[in-house]
Amino acid sequence: MKLNSDKKQLLKQYFGYDSFREGQEGLIDSILEGRDVLGIMPTGAGKSICYQIPALMMDGITLVISPLISLMKDQVESLNQAGLHAAYLNSSLTMGQYRKALAYAREGRYPIIYVAPERLETDEFLDFALHTPIAMVAVDEAHCVSQWGQDFRPSYLKITAFIDKLEKRPVVAAFTATATKEVKEDIIDILMLQNPLLATTGFDRKNLYFGVLSPRDRYGAVKNYLECHPGDSGIIYCLTRKMVEEVWEKLGEDGFSVTKYHAGLSDRERKINQEDFIYDRKPLMVATNAFGMGIDKSNVRFVLHYGMPKNLESYYQEAGRAGRDGQPAECILLYSGQDVITNQFFIENNQDNQELDELMRETVKERDRERLRKMTFYCFTNECLRDYILRYFGEYGDNYCSNCSNCLTQFEKVDVTDQAKALIGCVRSSRQRYGVNVIIDTVHGASTAKIRNYRMNENFYYGTLSKVPTHKLRQVMNYLLLHDYLSVTDDEYVTVKLTEKSRAVLEDDEIIVMKMTKDKEPAAKTKTEKFKGESGSVNQNLFEKLRALRMEIARQEKVPPYIVFSDKTLTYMSIIRPKNKEEMLTVSGVGEYKFEKYGERFLACLRENQSPETQGDEREEASAGGTQDS
Ligand code: ADP
């Protein structure tokens, strides 16, 4: 059975959307013409639709190769909810279930089948594939073929051999969110894409707000943030398992509904916790970077980083899990100087590259150090944060986005020449023998055993900056390191060294002015701000009622709430307040099929809540500086 409809009609009918997003149409057309494609689009841009729609229009089955079981399950559930038949074949199925799915597939019941790369080689699957017309092989997370990428999977290398075995070469469509040059070239070469249409859509995610803060009390800052965003779903990323445990425990004690995820938990515990989060039973997730790949939860309203990740690729990928529904969402990085040291430790002790020879290992390490440097610089740059990220990925922004903490905060320009002189002078007078902490403690006048042991309490600079808080001194120190006024060694005992530029400060009276962030706790934002922008007239009460109904349905059907309707769809509903089917179908995200399933219940809910008091509840004072560019 093939759906011979127009692509736009399918988009509306099954997915409930009126128009394609950037890049989607070109990719779809190319696939339909039989030309290979490589779609490089950021997380949340809508890659799935690019192969799902042609899959519905082509003769033959589409195999979607995907690395993660959770991702497949989620996608298949979404498709089934939209009234489309799809199945997945992976190790989570029992033998019986697997055979049954294959039998149905042979009967042509599924236009789309998700399959794990390891399956491609098995006799049973090959037998199926060789006797069934395969129209397209869509490779999701295609960067997994590349050793340059972060998630290299050797099983991805088997894809080409599999395609070769097929009687007729299907269209090969590859998709990834990783944009670097090396990865792109690897994908084209290794998957042997034939004259592929390359579609790179902007990496900018306009609905995301970016912020960097270095609060003295990180936990307090997070707690404050959560109190300002009650009921919202969010992820808090930590650098280590230990940190996850600590933050999770404290938040639990403080009464938040929170779960956790890291590689030290059992499979079972991870699965339960992940589902608690996805199904909104526990809307807050504290996790290491082990969490998230393949999590397609669209209503994540914020991603907080309780520590700086090791590079911007990781940061953007993790932060990008916020706001996949296109609604305003926030990504805030809470930085502390210790994060650099922790990440340096990870890099130096990385055991992942054992199979490489010494020279290659050192090259990889050097690359990692460079990435860490750029990540650190993100935390200190005074420029537009969005611009900084886009430039890192080879794009150019506008220098000013009006939706990041740098663009929105008034930075203080501070003359730090005196501090710089003391820090650099201290390095020189102690003959470049000590690390960052000893230098800072000395100028600050700390009275610790270490300082006394090193006799730094007798140093000329001891206590000369006792009035400047250490976190400010650390900011100045970082500035000096990042701008090559000082450098650090890479050996076991990291020591601070002078550079050519040091002299300019000490002897030539160079003035150093840096922009310093005012100490500010995270986003003491009003609750209303989460609906800034397009949803200026959202009725919060009504939205909550719709959200409760969605939860009820999700529970009954045992699917995550966002699979029923996304936050964005509910927001539209509460703005438009449709009164009948026709109006309801104009809501973005409501297609025919979903209307049949849920439409009437939501209409009833809307009718019940048209009372004068809820109508009078429209509010929203624009929050300071909260312009939303979407
Ligand atoms: P990706 O795989 O690129 O990370 P998805 O395919 O999961 O992103 O899509 C992200 C979200 O965007 C999903 O909720 C999807 O339904 C939605 N989406 C995709 N295409 C459109 C469109 N044309 N209009 C509106 N929403 C869309």
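## Salt bridges and ligand shell in a predicted model

Glu370 is partly exposed, with a relative accessible area of 32%; the term covers values between buried, under 20%, and exposed, over 50% (1.4 Å probe, protein chains only). This is a predicted model, in which local features need pLDDT of at least 70 and side-chain atom pairs count only at pLDDT 80 or more, while totals for chains, interfaces and linings use all residues. Residues are numbered from 1 along each chain as its sequence is written, and side-chain values use heavy atoms, with hydrogens and water left out.

**Salt bridges**

Glu370 pairs with Arg373 in a salt bridge, with 3.6 Å between the closest N and O atoms. A salt bridge here is a side-chain nitrogen of Lys or Arg within 4 Å of a carboxyl oxygen of Asp or Glu. Both residues sit in helix α14 (residues 358-380), three residues apart, so about one helical turn separates them. Helices are DSSP runs (H or I, at least four residues), numbered from the N terminus. Arg373 is partly exposed too, at 44% relative accessible area.

Side chains of opposite charge can pair when their charged atoms come close. A search of the whole structure finds 37 salt bridges. One of them joins the side chains of Arg99 and Glu124, at 2.6 Å from N to O. Arg99 belongs to helix α5 (residues 95-106) and Glu124 to helix α6 (residues 123-130), so this pair ties together parts that are 25 residues apart in sequence. Arg99 is partly exposed at 47% relative accessibility. Glu124 is partly exposed as well, at 26%.

Glu557 and Lys597 form another salt bridge, and their closest N and O atoms are 3.6 Å apart. This pair links distant parts of the chain: Glu557 lies in helix α22 (residues 540-557) and Lys597 in helix α26 (residues 592-608), 40 residues apart. Relative accessibility is 30% for Glu557, which counts as partly exposed. Lys597 is partly exposed with 34%.

Salt bridges also form a network, linking Arg301, Asp325, Arg550 and Asp567.

**The ligand**

| Residue | Protein side of the pair | Distance to a ligand oxygen |
|---|---|---|
| Tyr17 | N or O atom in the side chain | 2.7 Å |
| Ala45 | polar backbone atom | 3.4 Å |
| Lys47 | polar backbone atom | 2.9 Å |

Taken alone, the ligand exposes 570 Å², and the protein buries 85% of that. Accessible areas come from the Shrake-Rupley method with a 1.4 Å probe.

**Around Ser30**

Ser30 is found in helix α2 (residues 24-33). Is Ser30 buried or exposed? Ser30 is buried, with a relative accessible area of 4%. Leaving aside residues up to four places away in sequence, Ser30 touches Arg35, Asp36, Val37 and Leu197. Contact means heavy atoms within 4.5 Å. Leu197 is 167 residues from Ser30 along the chain, yet 7.0 Å separates their C-alpha atoms.

Key:
Helices (H or I, at least four residues) and strands (E, at least two) are DSSP runs, numbered from the N terminus. A polar contact is a pair of N or O atoms within 3.5 Å; within protein, one must be able to donate a hydrogen and the other to accept it, and residues adjacent in sequence count only if both atoms are side-chain atoms.
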